[in-house]
Amino acid sequence: LSLYFLFFSKRIKVKATPVTGTVAGSVSGVLSGFFGMGGPPMVLYLMAATDDPMIYLATSQFQFASTGAYNFIVRALNGMITIDLLGWFAVGLIGLAGGIGIGTMIFKRLSAKHLKLCVYLFMVIVGIWFALGN
């Protein structure tokens with residue numbers, strides 16, 4: 001799907017309507033529940049539905065933050081969050097903070113066209129990575 005959008009995104013314009021948002025969100029939710037990978041449908045939807053990189057970034061960050069918070073709460077209520085896991089979570093936050101800093105610096109230098117290219121290429125790479133079972 002990301003390859004399709006990479007080559008044909010100029011021909012595709014998804015209107016940001018309640019119906020398209022609900023469909024993208026539902027597919028994202030199902031994939032998140034099954035595989036922990038709900039991001040790609042939302043990224044593809046937001047890339048097609050927004051023209052302004054800042055609107056894309058803000059919307060995607062809010063979506064991923066709220067999804068992450070919800071998943072954390074559900075897993076905590078089901079006893080899946082342990083003290084040992086919280087230690088690794090804290091270590092991961094250090095890498096996350098560094099990645100956000102680097103990503104923000106790169107994002108500020110990208111045009112809308114280059115942002116879409118980077119997002120679609122990254123999704124292709126991640127898709128191949130997961131398909132190979134790594």
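Trainee: In which helix does Gly-21 lie?

Mentor: This is a predicted model, in which local features need pLDDT of at least 70, side-chain atom pairs count only at pLDDT 80 or more, and totals for chains, interfaces and linings use all residues. Residues are numbered from 1 along each chain as its sequence is written, and side-chain values use heavy atoms, with hydrogens and water left out. Helices (H or I, at least four residues) and strands (E, at least two) are DSSP runs, numbered from the N terminus. In this numbering, Gly-21 belongs to helix 2.

Trainee: What is the relative accessible area of Gly-21?

Mentor: A residue is buried under 20% relative accessible area, exposed over 50%, and partly exposed in between (1.4 Å probe, protein chains only). Gly-21 is partly exposed because its relative accessible area is 23%.

Trainee: How many helices and strands does the protein chain have?

Mentor: From the N terminus on, the elements run α-α-α-α-α-α. The C-alpha trace spans about 50 × 35 × 30 Å along its principal axes. The count for the protein chain is 6 helices and 0 strands.

Trainee: What separates the C-alpha atoms of Tyr-120 and Gly-21?

Mentor: Tyr-120 is found in helix 6, and its relative accessible area of 2% is why it counts as buried. Gly-21, by contrast, is partly exposed. Tyr-120 and Gly-21 are 99 residues apart along the chain, and their C-alpha atoms are separated by 19 Å.

Trainee: Where is Ser-28 found, and which residues does Ser-28 touch, not counting residues up to four places away in sequence?

Mentor: Ser-28 is found in helix 2 (residues 18-35), and it counts as buried because its relative accessibility is 5%. Contact means heavy atoms within 4.5 Å. Not counting residues up to four places away in sequence, Ser-28 touches Gly-38, Gly-39, Pro-41, Met-42 and Gln-63.

Trainee: With which residues is Ser-32 in contact, leaving aside its neighbours within four places in sequence?

Mentor: Ser-32 also has its place in helix 2. A relative accessible area of 13% is why Ser-32 is classed as buried. Leaving aside neighbours within four places in sequence, its contacts are Met-37, Gly-38, Thr-67 and Asn-71.

Trainee: How many residues of helix 3 are buried?

Mentor: Helix 3 covers residues 39-49 and is mostly covered. Its buried residues include Gly-39, Pro-41 and Met-42, which are also among the residues that Ser-28 touches. The buried count for helix 3 is 10 of its 11 residues.

Trainee: Which residues lie nearest the centre of the largest pocket?

Mentor: On a 1 Å grid over the protein atoms alone, a cavity is a set of points where a 1.4 Å probe fits but cannot get out, and a pocket is an open set with protein on both sides within 12 Å along at least five of seven lines; lining residues have an atom within 4 Å of a point. Grid points are joined across faces, edges and corners, and a volume is the space filled by probe spheres set on the points. The largest pocket has a volume of about 1,500 Å³. Of its 46 lining residues, those nearest its centre are Gly-39, Val-43, Tyr-56, Phe-64 and Phe-122.

Trainee: Which helix gives the largest share of the lining of the largest pocket?

Mentor: Helix 2, helix 3, helix 4, helix 5 and helix 6 (112-131) each give two or more residues to this lining. The largest share is 11 residues, and it comes from helix 4.

Trainee: Which helix gives the most to the lining of the largest cavity?

Mentor: The count comes to 1 cavity of 30 Å³ or more, and about 60 Å³ of space lies in the largest cavity. Its lining residues include Leu-46, Met-47, Tyr-56 and Leu-115. With 3 residues, the most is given by helix 6.

Trainee: What is the relative accessibility of Ile-73?

Mentor: Ile-73 lies in helix 4 and is one of the residues that make a nonpolar surface patch of about 910 Å². Accessible areas come from the Shrake-Rupley method with a 1.4 Å probe, and for residues only the protein chains shown count as cover. Ile-73 counts as partly exposed because its relative accessibility is 47%.

Methods: Patch = residues over 30% accessible without salt bridge, like charges linked within 9 Å, V, L, I, M, F, W, Y side chains within 5 Å. Salt bridge = Lys/Arg side-chain N within 4 Å of Asp/Glu carboxyl O.
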